[in-house]
Structure formats: structure tokens, C-alpha cells
Amino acid sequence: MLQYLSTLDRRVVFLLMGLAVAIPILFPLPLSYKPSVLAQQAFDAIETLPPGSNVVFSFDYDPAASGELQPMANALMYHCGQRKHNLYFMALWAPGAAICSDTIDGILLKRCEGYEYGQNYVELGYQAGLAGVIKIAVTDLRQQFKTDKYGTPLDQIPMMKGIQNLQPMDLLVSVSAGDPGSKEWVQLFVTPFPATKMVTGTTGVQSVSLYTYIPNQIDGMLGAIKGAAEYETIVNAKYPGPDGKPLPELQEGQRRMGPQLTAHLLMVTLIAVGNVVYFMQRKASRRSGHARGAAR
Amino acid sequence: MKRSTIVSIALCVVGGLGLALNALVRPHGFGAKYVHFQEKTYVEADVGPALGEVLETGTQDPNDRRRVWLPINDTLLDRPNVQRTDKAPISWVEEVDITPVDAWARMTGPSGGADVSLSLRNTLGVWVAALFSLAVLSFLWRDNPVYKFAESVIVGVSAAYWVVNAFWSTLVPSLLYPLFPGLTKAWALPGTSGEYEEGAWTRIFPVILGVMLLMRLSRQAGWIAVWPLAFVIGTTAGIKLVSHVQADFLAQISSSVESLIKFDDRGAFDWGRSVGNIVLTVGLLSVLTYFFFSLEHKGVVGRAARLGVWFLMVSFGAAFAFTVMGRITLLSERFEFLFGDWLWLIDPKYVRTVAEAGQSVVSMITSAPR
């Protein structure tokens, strides 16, 4: 047994991990979530703003990260929509602009009432320039965005009247998968202009580098899929769907926590078994070493 | 025959049988996308400013009217300041994605499915995505031609996407339009003013730098590419330096200087925040000590540095755990796509509620063959 475990084919581990993820998807686990302080702070940052506040919402990710980030983008947009905030959408990643449009169609226009293009939401789209886009937009928005995503000059869009740069924004929401993203927003926008609050939803990989900005530079953070599940729990409790039940779109994060549980249990088991095998092998080799020494 | 070849063939056979079984057992098959035909009709109308708006601003001419296209059933057409023109309405048929449940309901409804169709384009998209997902996952078994093919296609498609994207999002609006506004307006950006802006000629400098960068391809003139690179590195460093000093250095020092003893709003001792701040301060000082190499790590300094290593290890462990969580989420999202959008094993209604998703598997097993 010890010999088998010590030379276990890595593909057996892959198979076990595949089953650990697949089974809870086919047969979901009934889990409940207690929101963390960070998720509650993110919720409060949006909730406490008066209706009609200006919110810039940046989609800084691509389809490769949407498994983690789309649930929180859905929940954040839905929450902003329920609070009737004015939403200025933009993207620092090119595919983010397309994901933004899909989310607007699927969440804002489908689930939130009273939204009309140009009146209370606008898509500024993607601009090349990485973090430089933020640097320019915080001082002169029109130098960076001459038109919206659909080619309409910003001066012809009613809700852009009087908006010369991003500084009058009450809140920044950045859903981010890397560079440029939340870190650059902190460095180039909310630190030099602290009047604007910031809420971010990030991938697990990026979360670690953003904790240091809490709470003075970032007001609330949703870290990885767990953050999304917690945020969905809070939003669903406060703003359920028309039938009083949580909206299906706002359960993606919670649903993906089932595979997390089983996969993490498997990982912990494998780490424990690996350590036991290692120490048993070491003990066995020491014994054999002593036996050889005694024989000499 | 090699053992790995036998396993590969067995996997393909089992997978194929599973697909066939799924197609036979399920009453509605799987992996299909449907569209609903929706007729759209727009009419042209002259829209004048609302009376209230004119009175409020006092600047708009009440006769100033804008010509717009509106849906024929738009309530705006009933307003007194909106008048239809003589131009004939424009109509077209639009394809709207619908769920299989909606499609089946329409097929069995009074229309008999006349306004519903299987979307070959979208269905093909689902199958291509599913087969490419399996091709990439096949790398877990070992490197193989199917994986290589999928990898090459992804690299090629990504490169093409970025070339097209860079052209339309950078070259056209930021270079061609400022230099040739009239021509670019007529050709690509109809919503713009088409007027030449003062100083737009300076956009020629990035073009020159770009051409210099391409000199890297030449053996003789490769040295020219160093100059634009120096410009890029210099400007990036300039932007980053200031922001790092402000956000990551000064602000972090400010955030790290916290009172070790905290009281809550009622004046009671706050255990949680106090312990948190003590851990923060001890961790900060010990990790800084670990990276302080001017003193030998012996005695008190050595013990503090060792504590710093422990703090670093804990933070690395947390970072790794976060990464694991992210990767598992990506795998579960892919499985959801394969089981949901492709195979319809879960949530064929596209409802995707936690309660109903599992029932689909049971119904698949118990449903009668068609």
C-alpha cells in the first residue's frame, strides 16, 4: 500500500479531482453562507449611496476569468441597478467591453427597471493604453474617450453633461483579473482622489495583493468565488426577485461553492496522506539503515 | 498495442456511447440552440424639445427638431412634440436567442413552431466550444495531437483577435481620425464631427516611434528600436514611480501605524481589532527584520527574522490557497458548461437554481426513450 501510494500516478489525482468537482455540480450540495465583513462592507458602500449617485463600473477581465468574476459582476451590477445609480461602464481589457454589454443585457435591462441608455447608463467601452487610460481619464475623460462604445460623441449623451473627468464619481466598482485592474485603479485614482469610494471584485490570485489597501484605500472587496457567493447572499436577502425568490443569475457563485468544498477536502486529504507516506517512508529507511549498521 | 493507446480508445468509445445514450434517452436531445424570429419595425420621426425643457433652459429653439428612428410601438410617438415623417417604415426580422424550454413551448403551442428555428450557427458554437474544452483537458492524460491542435487554434485566433482589436480601438480612433478626420468619418466613424483638431499633427510622432520599433526585425538597423523602447520604459517608469510612492509607500506606512489597543463605539475594549492590530504590527516588524541584511541574523534579530519567515510562509500559504480556489472555480465553470449548455445533464431549462439543477439528472435517468 505504501509503495502504491508513494508511486501513485498523477493522473489518478486528476481523476479524483475531476470527480470531486463534477459530482457536486450534478448533485448540488445545500450550503449556506455567512457573509464576511469584507462582503458586507462592499454591500454597504453601494447601499449607503443615495439613489442616482454616479458610479463608474470597470470590466477589467476576459472570458478566461469570467468563471470567477462574472457572478460578482452580476451581483454588483444588479445591486447598483436596484439602487438606481447612474452607471458609467468602461473596460481596461478589450474583451471586457463585450462582457460588459452581455451583463447589461442579462442583468441591468432584464432585472432592473427604469434604465435607459444615455439617461442613466452609458457604455464608454474599451480604450487601449492599459493603466494610462486611468491616468488620463481621471483628469480629462474626453481626451481618452471621444465617443461611447457605439461611436456617439460624449457631448450628445445627456448623462455625460458636466462630466469632464472621473473625479465627480461617487463610487468606483472594478471587477478585475489582473493588470491593468484594481491595483492600478487604487494607485492612479482612489489614492490621489480619495473622495471616490472603491469596491472591487477580484480573482483569487489577485486578492492577496489587494488586502493591504483595505480599509483606507478600498472600501470593500469580494475575493474569489467565495466573495461572490457571500455578496449574492446579502443581495438576494435584500433584493429578491419578483416572486420573492433569489434570481437564478444571482446564484452562480453559491452554486460553485459546492465543488470548492469537495475539492478542498480532497486536497487536504491528499496533502495529509502525502505527508504520512513521506514520514512512514523516512522511518522505514532509517530502520533499514540502522539494521544495516547493526549487521556490519 | 500500448496501454495508453488502449485507454485513449476506451475513453473515446465510452464518451461516444455516453453521447449516443444521452441523445436517445433524453426527450429533447442535447447541445442545441434555438432562436425566435422577431419582426422589428421602425419609423422616422421629428422630435422637438419638450416644453418644460425649453422653459427651463431658455436657450433651446422650440423649432429645433431632431430626426430619429423609433420602434413603431414606442409610446414616444404619442407625444405632441413627436411627429412621424412621410418616410416609409423599415422592417426586418431579428433572431433572438431563446431557451430550449421556450422553444419547445412554442413548437407545441398554437404557432406550431413557425416562429422558432434551430440555430445552426449557435449550435455549432456550443459543439466547437465543448470539443475544444475536451481537447485541452486531454492534456491531463498526456501531450497529444488533439491538444496541440486546440492550442494552436487558440493561439492563432487570439493573435488575430488582438490585431483586429488594436486596429479598430487604437489605430482608427487615435491615429487615423486625428490625422484624417473627414476621410475617417466617412469611412469608419460616422458619429464624429470630422473636424481637424489643433495640434493633431503631433500624432505622427507615435507613428515614427512605432516604425522605429519595427526596425528590430532588421539585423543592420536593429539598434534603432532601442530608442522607442527607452521612451516606453521611461514614461512607464515615470507614471508608475509616482503612483507607487503615493499608493504603496506613503499610504501603506500611514495604514500600518495603528493603535495597538482599540475600543469600540461604546468605549468597551475591542478584543478583535486590538489582537488584529498587534498581529499586524508584530508581523510587519518581523518581516522587515527578515529583509534587513545590515545586521547578522543572530540573537534577538535572528529570532525576529525567524518569526518573519513564519509570517511570510503563512501569507504564501494563503496566496496558494486563493490560487487553488480560483483554479477550481475555472474547472467547475467548464464542467457546468459541458454538463449544462452542451449535454443538458443539469439545468436544461436554463433556470440554474440550486434546487432544480440536480433534479434534471434524476429526470434524465427516469425519462422514457422517445
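**Entry 1: a pair in chain B**

I looked up B:Asp341 and found a salt bridge to B:Lys33, with the closest N and O atoms 3.8 Å apart. A salt bridge here is a side-chain nitrogen of Lys or Arg within 4 Å of a carboxyl oxygen of Asp or Glu. The pair links distant parts of the chain, 308 residues apart. B:Asp341 sits in helix H10 (residues 299-342) of chain B. B:Lys33 sits in the loop between helix H1 (3-25) and strand E1 (34-47) of chain B. Helices (H or I, at least four residues) and strands (E, at least two) are DSSP runs, numbered from the N terminus. I also checked the burial of B:Asp341: it is buried, at a relative accessible area of 15%. Buried means under 20% relative accessible area, exposed over 50%, and partly exposed in between (1.4 Å probe, protein chains only).

**Entry 2: ground rules**

I noted that this is a predicted model, where local features need pLDDT of at least 70, side-chain atom pairs count only at pLDDT 80 or more, and totals for chains, interfaces and linings use all residues. Residues are numbered from 1 along each chain as its sequence is written, chains are lettered from A and ligands numbered from 1 in the order in which they are written, and side-chain values use heavy atoms, with hydrogens and water left out.

How many salt bridges does a search of the whole structure find over all chains? I noted 23.

One of them joins the side chains of A:Arg83 and A:Glu47, at 3.9 Å from N to O. A:Arg83 lies in the loop between helix H4 (66-82) and strand E2 (86-91) of chain A, and A:Glu47 in helix H3 (residues 37-47), so the pair ties together parts 36 residues apart in sequence. A:Arg83 is buried at 16%. A:Glu47 is buried too, at 14%.

I then found a network of salt bridges that links A:Glu252, A:Arg255, A:Arg256 and B:Glu336.

**Entry 3: A:Gln260**

I found A:Gln260 in helix H12 (residues 257-295) of chain A. A:Gln260 is buried, with a relative accessible area of 2%. What does A:Gln260 contact, leaving aside its neighbours within four places in sequence? I listed A:Ile225, B:Met325, B:Ile328 and B:Thr329. Contact means heavy atoms within 4.5 Å. I also looked up A:Val21, 239 residues from A:Gln260 along the chain. Their C-alpha atoms are separated by 7.3 Å.
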